[in-house]
Amino acid sequence: MYISKLHISNFRNFRNQNFLFRPGVNTLIGENGSGKTNAFFAIRLMLDSNLPISASRLVETDFNRGLDRWQGHWIIISLEFEDLDESEGANLLAHKLEDATESNSGSYHFYYRPNKKIRKKLYELSLFEDKDQEKLNNILDEITINDYEAVYSFRGNADFSDDSIYKQLVGDFDHIEFPNPDDENRDLLGITTSQIYLIRSEIACTYIKALRDVIADLRKTRKSPLLNLLRGSANNILLEDSTEITDRITDLNYIISSLPEINQLTEKVRKTLDSTIGFTYAPSLSIRSELPEDINKLFQSLALWVGDGEEGSYQGKLEDLSLGGANLIYITLKLLEYEYKQPTELKAAHFLLIEEPEAHIHTHIQKTMFDNFKFQNTQVIMTTHSTHISSANKIQSINILSKEKDETVVCQPSNGLSDEESKKIERYLDATRSTLLFAKGVILVEGDAELILIPILFKRVFGISLDEVGVSLINMNSTVFEHIADLFDDQRIRRKCAIITDHDQSLIPLDGPKDEDTDEMKKFRNSAIKGEERKKKLDEYCKGNKWVQAFYANYTFEIDFVLEGNIPEIIKTLSKIYKKKKSIDDSKALLMSKDEIKVGLETLRLADKVVGKGWFALILAEEVTFETYIPTYILEAIAFSSGHISYKHFEKIAKYRVEKMNDERELKDFLQKLNDIPREERTLNQLSSLLKDYLEENDNLFLFIKSYEEYQLC
């Protein structure tokens, strides 16, 4: 039995979202504040016996902020299960088939809704012919959180991700249509149950939180996994062994209590009491050793002593160990505690929820630990920020949480893909490339030169990094772009993905017959044919998908870079490429010529034949400055993939550009004019107009802003 789906409506980050899960190990990926912990709380609210029933009394701030107003709306949390067995807990959840037998799928629901009296008022209003929004608001204004009730039910079939179902069962607030609470649809809403304790007792749910105070938890009598394991061991000690131990402790207590020093101290205390209080009121006393004689209490005195892992190394107390080591031990104990429970607790299912298992843990250990999560009849759901864990997971078991205004959108990267397509992507997602699962925008490039230079160009020219704007650059190493770009789609990951590649048009004229081509012309002609085929294929692939778009260098990255005004940067690399002055002078002469063909061919020769494109990019990176021009197609690709960034990013870039391109007096003047505009009234149009007095007309920032605005309108 496993959870196949979690649906959440109107709860905290989630307006109306579905999580899809598979048997085994699943991961939730998302930036800070995207709602991973809230999703775990939703599951725990249904299944975790360690969470008190009072936790279901929610408050106003638990409603999603995207609602116009929370009054009258429902918070809905639904779990769907597959592969149910014959256990009592499973039978409670199982859907009924037409022949009255149980199916192997089931559901369990939590509704936080207005009480029946309020719902009756809303229904009666919907019957009035003169109903209007004012009358509805009058009812809603009177609703407080105390008018809400928590209801659990099972076997419901309602798909609340369908807005029409929500309106049918909860109400249509726009048209003032509400259902009759006396005539609830049990097939859709399920059968209301008071057997939440029974369901929780039939299902094991263990939660390991992210912010683990390992030392404190190991010391707590009830929470410590070490003590829980020791209690189990104590129960297995044979009676004669237990008696021998307790007899020895009793003897030891007597020996300690009988020490002359203890007797002398006892006598001194008695005399002091007698002399200060008097014989009539002075209590009698003695000092005795109280080492625990009960075997279970005795085990509580045991503590972990740990070292750094080297054989024969020093061992000390747990608090002396590193954070990573302490976390490893804690998680190991929790997993062992969990594993010990399984044979003794005959449950319908076991669910293990782990927040950020990678905390303070070395990257190699993360991946090993992930690969070794194997338990019988157990579904594991983890949250993670680790690319190493995410790269090891199957994309069919990943849910990506993406923050949008007032809500979080949940995406399944494998949705609609075949098993074979998913496997291809999984093989490709090593720890480096799996950053695309965490990014707000993605750029796919075909080689090392782009991977090295594009981040440096953006940082040096604009004073802000691609990481800061949430864009990941992924080197495809000439792999077919479509294999990874398939992830970005309405039904999978809803984030912008730009593809940067070369059109490979010929730099030299190819006007004559093919059979008269020189070797150089043949090479350019073949590249141009392949480049055109690539462009047609990619353009067709991107058509109709607003999340993916291809951007092309007219020629190649190196040629387009130099022809967009970056000859000085190429010239500065010559002294690092050549030792002989003549070689430097000859190359410089070609680069300084007015002939674009010569300039382009010489740059391509340096990159392609002299040092190789990767090494040339590394050398060239050292010469990039704020005055370097970013090629237009690259700027457009970044603008496309950065649709999530805000005005604040552009203002930061603008201040950097003005500071670099002007003197201190002009910078001060710009900042003063900017500060004169109230912050809430500042727009990109105003910023662009203001910048015209301080930046050249062809400045990269103007092109970046223009491209960004164009893609915002698409």
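Helices (H or I, at least four residues) and strands (E, at least two) are DSSP runs, numbered from the N terminus. This is a predicted model, in which local features need pLDDT of at least 70 and side-chain atom pairs count only at pLDDT 80 or more, while totals for chains, interfaces and linings use all residues. Residues are numbered from 1 along each chain as its sequence is written, and side-chain values use heavy atoms, with hydrogens and water left out.

Strand β8 (residues 191-193) contains Thr193, which is buried at a relative accessible area of 11% (buried means under 20%, exposed over 50%, partly exposed in between, with a 1.4 Å probe and protein chains only). Leaving aside residues up to four places away in sequence, Thr193 touches Tyr152, Ser153 and Phe154, contact meaning heavy atoms within 4.5 Å.

An open sheet of 4 strands has the order β17-β16-β18-β19 with parallel pairing, where two strands pair if DSSP finds at least two bridges between them. Because β17 and β19 stand at the edges with a single partner strand each, one side of each is left without a neighbour in the sheet. Strands β18 and β19 are joined by 6 bridges, and Asp502 has Ala553 in β19 as its bridge partner.

Helices α28 and α29 pack at about 160°, with axes 11 Å apart (axes are lines fitted to C-alpha atoms, for helices over the stretch in contact, and angles run from 0 to 180 degrees between N-to-C directions).

| Helix | Residues | Contact residues |
|---|---|---|
| α28 | 684-691 | Leu684, Asn685, Ser688, Leu691 |
| α29 | 700-713 | Leu701, Phe702, Ile705, Tyr708, Glu709 |
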